[in-house]
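Please look over the sequence and the structure shown below before reading the notes.

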Amino acid sequence: MNPVPTLAEMTARGESPEIVFWVGCAGSYDDRYKRVTKAFVKILQATGIRFAVLGTEETCTGDPARRAGNEFLFQMQATAVIQVLNGYQVKKIVTACPHCFNTLRNEYPDLGGKYEVIHHSEFLQQLINEGKIKIKEGGAYQGKKITYHDSCYLGRANDIYEAPRAVLESLDADLVEMKRCRSTGLCCGAGGAQMFKEPEHGKKDINVERAEEALATGAQTVAVACPFCMTMMSDGIKAKNKEATVNVKDLAELLAESQGL
Amino acid sequence: MIAQLAFLFVLGIAVFLIRRRVLFLARTIRLGKANDIKDRTGDRWRNVLLVAFGQKKMFKRPIPAVLHFFIYAGFLIINLEVLEFIIDGVAGTHRFFAPWLGSIYPVLMNLFEFLAVAVMVACVVFLLRRFVLRLPRFWSDEMTSWPRLDAALILVTEIILMWAILFMNASDQLLQGQHEHYPETGKLFFSAFLTPALAGLDVHSLVLVERFCWWFHIIGILGFSLYITYSKHLHIFLAFPNTYYARLETKGQIQNMPVVTREVRSMLGLEPAGAGPPSEPGRFGAKDINDLSWNSLLSAYSCTECGRCTSECPANQTGKKLSPRKIMMDVRDRMEEVGNSMAHGGAGLADGKSLLGNYITKEEINACTSCNACVEACPVLISPLDIILELRRYVAMEESGSPAQWNAMFQNIETNFAPWKFPAADRFNWAKENR
């Protein structure tokens, strides 16, 4: 991975990026999801797109605070982020986190932050469609069974069901669907700030229920497009003692691997 | 003449009681916060046409959808006949439209009879699904004795009313040509199967049967109309306004709180304090029904307790206490409690109770993953999620009563600008790490 340019450096050189990559907290701090961040950066670099990240100027969008009910904290956070983004005159943002995506795209306009926001699943699909990523014959995932777990914040929340599937299909993978998919997809259990607390008392953990469904497809790979889904699905599969045979990967990782990046 | 007076008397009582109840419902809904919904009228009418009128979302589950469609079509179309009942009742005529419509009349009557039979079949299947197959969503915790009885009463009443139509038509068929009051209407297909049962009766007894069924049906319809206003069955009317006033934004978007925006902007020095209209009085978020917007309250009365929301809810499916249907039922029950208390000069909202606490617990709202499965599942565009989020706002901002781990997360965001306890300075370290 080549050095990653920050928006501050670029601006200092008098340049501006085509697109800002919003990394998100999980993409910045979570060891597992940092690998997704790097895979996505490698794809961006391989396609020669002029992009930048905010680096240490990035902060939480405020999404979990809003969903846990703390509107004050959300708006404090959002207002600060919007000041930074507007200060750099940011126009277009791509992010690998559906929660950041949803907040930036749908909730910031009311607070004065109006940007074109795109999720990395749609962005990768565009790169493939435009021929900026050429899919190699006989890639690592050709004919392999992959099942895609819909992230609620992409699917029901924003009606993005097909872009992630299109990316997987471009890998020539054998895409198998879980019983509950697309608009009836079962949540991984982490949305609505559940990621940051223990689940309420119940019979079962939601991620285990979902992992069982994913395992029932017989897929060797569970594809995700969300950092929280990544954690929950990985933990669910571990809980079923299947982590040695079934892996959980983000779309960007699968695409980067198939490109030998 | 006596029959006409009796009819007017019955009709008058029904209109009086229904009007009184409708005014009560309107008053109770208006306890909610103002929410001026005037935008995107085209999209709103589109929702009414597709979702309420066209039943689009019902068809996600095709078998109940088809059965439900029969009852729905029966309701819409057979009620045209009620118009004739009322005209006949007031004017003392019999089958007022028959001479006007001529040969179309028996076609219409046959259609009504077909629908009456279809309604009966659908209601029987629904009773079997509910009480014999015992579909889990009709027997979960919030489906206590009253919701179960309510459902049974509705289905059984509809079956009995349809029998009354068919027996009335059967006796009418036999009377035609025997009694000058009964004009020829042509053959009716379904009620013809019932005529053998009445064939031995003389004209006098047949008139008695016909009149009994007529009165039974119209009093039944009027009584049922009044019952509906007290029942989950209100959805047959309120589904229409509810789909009109449903939120149109993408489901992921949580509604902004402009009051907070003003405060935050003045705290950050982006706006002079006191700029813009003054903050609305009242609380942040919702503790009781009057903190919810009026359209959330309307949606509580629009809920028919089908339980599709709950059967799709990931928290509910894994045994958590949360049930989106219960949220809607609790809102409605609290509205009824407050509304009744106010109507009788009681304490109303100041009765020392509240929606959060006495009806809905924190454990329930804390279990929600905001996944929108319930919102997606609702055939009439109700959002239990909007209500859950308003309750969470109250807990977080007015009580500071969120779960401890959420409070820790809030603190992390405030101090490290990330929900986890990592130093802000390390945020960009990933770019320097190998791999």
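The notes below cover the domains, the strands and the contact between the chains.

This is a predicted model, in which local features need pLDDT of at least 70 and side-chain atom pairs count only at pLDDT 80 or more, while totals for chains, interfaces and linings use all residues. Residues are numbered from 1 along each chain as its sequence is written, and chains are lettered from A and ligands numbered from 1 in the order in which they are written.

**Domains of chain A**

- Chain A splits into domain 1 (7-125) and domain 2 (135-258); the bounds come from an automatic or database domain assignment.
- Between the C-alpha centres of domain 1 and domain 2 of chain A there are 23 Å.
- In chain A, 26 residues of domain 1 are in contact with 27 residues of domain 2, where contact means that the C-beta atoms of two residues, placed from the backbone, lie within 7 Å.
- On the side of domain 1 of chain A that touches domain 2, α3(A) gives the most, with eight residues; helices are DSSP runs of H or I with at least four residues, strands are runs of E with at least two, and both are numbered from the N terminus.
- That side of domain 1 of chain A holds twelve nonpolar, eight polar and six charged residues; Ala, Val, Leu, Ile, Met, Phe, Trp, Tyr, Cys and Pro count as nonpolar, Asp, Glu, Lys and Arg as charged, and the others, Gly among them, as polar.

**Four-stranded sheet of chain A**

- An open sheet of four strands runs in the order β2-β1-β3-β4 (chain A) with parallel pairing; strands pair if DSSP finds at least two bridges between them.
- β2 (51-52) and β4 (116-119) of chain A are the edge strands, each pairing on one side only.
- Two bridges link β1 (residues 19-22) of chain A with β2(A) in the parallel sense, and V20(A) stands opposite A52(A).
- α6(A) packs on this sheet, touching β1, β3 (92-95) and β4 of chain A, and its direction makes about 160° with that of β4(A); axes are lines fitted to C-alpha atoms, for helices over the stretch in contact, and angles run from 0 to 180 degrees between N-to-C directions.

**Strands β7 and β8 of chain A**

- β7 (residues 221-224) and β8 (residues 247-250) of chain A run parallel and are joined by four bridges, with N247(A) as the bridge partner of T221(A).

**Contact between chains A and B**

- Chain A gives 56 residues to the contact and chain B gives 57.
- α5(A) supplies the largest share of the side of chain A that touches chain B, seven residues.
- By class, this side of chain A has 20 nonpolar, 20 polar and 16 charged residues.
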